[in-house]
Amino acid sequence: MSTLRRGLSSSSVAVGAWRTKAVARIISVPCTRTAIHMPRQAVPFGASLLLAPPRRRVPGGLMGRQSFHVLAAAAPTEAPAAPSTPPLPDSIKNKAHGFTLQCTQFVKEYGSYVLLYKHDKTGAELISVPNSDENKTFGVVFRTPVDDSTGIPHILEHSVLCGSRKYPIKKLISELTKSSLQTYLNATTFADRTCYPVASTNTQDFYKLVDVYLDAVFYPSCVSDRRIFEQEGWHFELNSKKEPLTYKGVVFNEMKGIYSSLDKPHYRIVLQALFPDNAYRHDSGGDPEVIPDLTFEQFQQFHAKYYHPSNARFWFYGDDDPVKRLELLDSYLKEFERRDVNSSVETQKLKRTPRSVTEYYAAGDGEEGEQKAYVSVSWVLSDNPLDVETELALGFLNYLMLGTPAAPLRKALNDSQLGAAVIGGGVDTQLKQPYFTLGLKGVDPADSDKVEELITSKLKELATSGFSASAIEAAINTIEFSLRENINSNPRGLSLMLRAVGAWIYDRDPFTQIQWEDALSSFKSKLASGHQDVFGQLIRSLLLDNQHRVTVRLLPDPELAATTEAKEKARLEAARGAMTDDQLDALVKNTSALKELQETPDPPQALACIPALQLSDIPPTITKVPTSSKALADGATLLAHDLFTNDVLYLEAAFDMRSVPARLLPLVPLFCLSLTQMGTSSESIVELTERIGRKTGGISIYPFTSAVRGKEQPVAYIMVRGKAMGGKSADMLDLMHDILLTARLDDKQRFTQMVAEIKVLIERGIIMDGHSFAAGRLAAQCDMAAALNETMGGLSFLKSIPSLAKKVETDDGWQEVKSDLEAIRSALLQRNGAIVNMTADAATLSVVEGQVSNFLAALPAASAPTAKAPQSWSNALLLPRTNEAICVPTQVNYVAKAANLFKDAGYELNGSAYVVEKYLNAWLWDRVRVVGGAYGGSCSFDPLSGMFTYMSYRDPNLLDTLDTYDGSADYLRSLNLSKDELTKAIIGTMGNIDAYQLPDAKGYSALVRHLLGVTDEERQIQRDQILGTSNKDFKAFADAIECVRGAAGRVVAVTSLDKAKSVLNEKPNFWEIKSVL
């Protein structure tokens, strides 16, 4: 559950790929990637509901920016023939269970009928999409505009899933995750709406989830139980009259973490300045300074006003019975009467004069002379809805200007050396009115005017000069299939729902967002005719001639964090001073009572209200991915997976990284980026990028490392991933050949910019995802794969960046760096040990096999002078085993504690560990989040390395959280689960193990298993162990994790300097303090 915060990609390095979980299940998809992950080539900036669904993100800035996904492989120039319209299924009813069919359309883009119903009694609308997709999706969306920044919709989104009339369970979400086969279970707060989606491939499980969500949103316990509001929103906490008064609350602390982000203040100020007269000027997620103004009565009134069927949009998608959907909904809706709900967002009238805003954000001390200003230019593009073709054209324009590192506007900003990284992704059409924002971070305040001048001058140039035919062809090729294929982590049904809702909640036609072929065809015809200056006209009318423009300058203030903290302290002291002794006594009593309630388990009779599946509903055998393996010349291996992919080829080429000298490891991520961002010996970066866009659906290059169970040394590869239509497979392999063998590595200016971009992104990652960095540091003390990750993308990597940047400034230093980049290439590129993995249908695979052989033949053989022998990594790469406080400017903490169960406890892996881990996560959720007020608390067991790690996320506590961790073993020993409780725990675990995968993910999972030596026999053994989990397995795992509480356990926390020092006051010599920002 989270607010949707559309954090903007600030460089070509993938956002959100910073600390991929150290390892997933070897039974499912075991995988460790380094912290820096090269994205798919040509990822467009901006967000267009028509072009792609919004992706859910880790919460981060108020309606900031969000990149839309390249969802597919390259499309052919001519779109495939549209499917013929099938007859309407007999199961579709015009009138049933209180619903009347309003509209029926066959959406050829997805081969499905889409039905729009209206509920006769309440006026509620439903879109029902019956098709053959087994991954069924349900969602309900309420319009929830705000008129302040107290965070009501966000707190309500958290609270409604804390029990309901029919399901009186305090830990409802926790119980569902423990006992369901769900493939998606969440809730999201947007700027003007709140969304509750679920998905499952099991029909019985799916209907259970739908019923729970419907009861929760319409009859939540939170509207009558103030304690839920206090727990999830905010409350005064006072454990004794001798202690200071504090604020606690899950959302309160979540938003404190978000407001600690380096980017958060900028995007909030942009939205406030762009939309000064409507709801978007407020933060729907909540401002920590304002959240304590919210009363329980306001909270109740908000639910009563907006959580009504007349204000709801419902969505069903998948292969379940379309009439059963109506029956299930009507069982709830029939209890309500129609009501007029005023929930629309007022239109922002366009201003006639540009404005400038200067504000400040909380910064660390930094280094003298560091450039830390944020400068952006933003426009509201229209006060009227855009028609489908204009929105489509705007999406193409945005891609052409900003969608790749070689796109002219983005390249101009990167090449200007005015800042460290691009911020703002251009166009965003996900609010009621589209807007555009773009700028730079890391700017010398004296250069702020130059940023604005550069953006406007480049826009004027593009309005006149336009774009090359090659660039337009690449854009069409990339975007067209981004509309066709779903590789989003969301279920397809959810992706389509989010598209439709983007128009639907504004009372526009929801079909326009999922029916785009005709508009695309018309737009392509206009471009082909050459008679219309489509893009120049858009640039002039929506940007250059548009006076509703805001320039935001955000300057660093090293004192602001202390000032904010002092204001909160003063407010709390004033509140306490206004209380009588009786009121203080009552507050102490209330604090104790709330904690007692939170720590009291739900009774068995309440838990029994959630219908559970049986173990007999779970397939006893593993699902195998069809795989053939063939040894090629010079020690190369070809893996092939015959799966239906709609004529798309997914291909990975893996090159052993053990040949790279350890001293060069920090350069590996930059080497991977350089391969596609400097051009080749025969192509500029612009030409190379456009060829990738024309011929493929994207090429990405990144390091992959993972522990291997039972071995000290990890696997380490450079992965080259690509996808293309089957008919363009040769073009893709030619591109991979040119990139690997002829890519230029001598563009000093671009390399310098990449170094700056990576520094900014890692710094942002530490503040926003500190738990991952802390866990990575702990793992790097014991595990070689984690040590490699730390060297190539963790704090160790960040510490190496300043010296690298200084080295590049000198001619001799740059020559040395160039030589090192070439040394990495020479070490990597050899046929011996190379692995190529292909996923496609049999006909495509047979054609591509010969092309792969030719691709490999062009690489140096193992005996070539450039080839290096694989090496073992030295233990010198491991970090010292010590406790650390990583200090950054933040209002919250990320607390991790870990030990290695294989090495420190002698634990032998059993599949039951997955069940115990998941069950323990539910307990930690309760203790760290529900009781402690953190946004999250969890544990993670890596079955390959043996690392067992506790983590908290946006946590107000430090030592108290560590005490909770240390109580985990005793909690597990105290359990004596009933048969039903064990069954639920096992089923919930199997939901993770049997997670729904699309064909490309299946092929990639098979590749990773091959790399790690995980056999199907081993997977089956562990599946059997999971299904046979008993109470004694919980006791055995408790004994294993005892070592984390003991001498072997180590702690790393990302926190503020003041809080790190306060720990030393209580526990001298507890940890080493390391200031990072």
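These are my notebook entries on a few places I looked up in this structure.

**Ground rules**

I am working with a predicted model, where local features need pLDDT of at least 70, side-chain atom pairs count only at pLDDT 80 or more, and totals for chains, interfaces and linings use all residues. Residues are numbered from 1 along each chain as its sequence is written, and side-chain values use heavy atoms, with hydrogens and water left out.

**Entry 1: an open sheet**

I began with helices and strands, which are DSSP runs numbered from the N terminus (helices: H or I, at least four residues; strands: E, at least two). Two strands pair if DSSP finds at least two bridges between them. I found an open sheet of 5 strands in the order E13-E17-E14-E16-E15, and its pairing is mixed. Strands E13 (355–362) and E15 (421–428) are at the edges with a single partner strand each, so one side of each has no neighbour in the sheet. From one strand to the next, the twist averages 15°.

E14 (residues 373–380) and E16 (residues 435–443) are antiparallel partners over 8 bridges. At one place in this pair I saw Val380 opposite Tyr435 in E16.

**Entry 2: helices on the sheet**

For the next notes, contact means heavy atoms within 4.5 Å. Angles run from 0 to 180 degrees between N-to-C directions, and axes are lines fitted to C-alpha atoms, for helices over the stretch in contact. Helix H10 (residues 408–415) packs on the sheet and touches E15 and E16; its direction makes about 20° with that of E16. Helix H11 (residues 448–465) lies across E14, E16 and strand E17 (549–557), at about 40° to E14.

**Entry 3: what is buried here?**

I used these cut-offs: buried is under 20% relative accessible area, exposed is over 50%, and partly exposed is in between (1.4 Å probe, protein chains only). Which strand holds Thr437? I found Thr437 in strand E16, and it is buried, with a relative accessible area of 1%.

Helix H6 (residues 264–274) has 10 of its 11 residues buried, so the rest of the structure largely encloses it. Among those buried residues are Lys264, Arg268 and Leu271. I noted that their cover includes helix H5 (250–259) along with E13, E14, E15, E16 and E17.

**Entry 4: strand E22**

I turned to E22 (residues 715–725), where 11 of 11 residues are buried. Which strands pair with E22? E20 (residues 648–656) is an antiparallel partner over 9 bridges, and Ala654 has Met719 in E22 as its bridge partner. E21 (residues 699–706) also runs antiparallel to E22, joined by 8 bridges; there, Ile701 is partnered with Val720.

**Entry 5: two helices side by side**

H32 (residues 979–993) and H34 (residues 1016–1027) pack at about 155°, with axes 9 Å apart. That makes H32 roughly antiparallel to H34 (under 35 degrees is roughly parallel, over 145 roughly antiparallel, 65 to 115 roughly perpendicular, the rest oblique). On the H32 side I listed Ile986, Thr989, Met990 and Ile993, which meet Arg1023, Ile1026 and Leu1027 in H34.

**Entry 6: cysteines**

How many disulfides does the structure hold? I found 0 disulfides, a disulfide being a pair of cysteine sulfur atoms within 2.5 Å. For Cys609, the nearest cysteine sulfur is that of Cys162, 14 Å away. Cys609 counts as partly exposed at 24% relative accessibility. For Cys782, the nearest cysteine sulfur is that of Cys1043, 9.6 Å away. Cys782 counts as buried at 8%.
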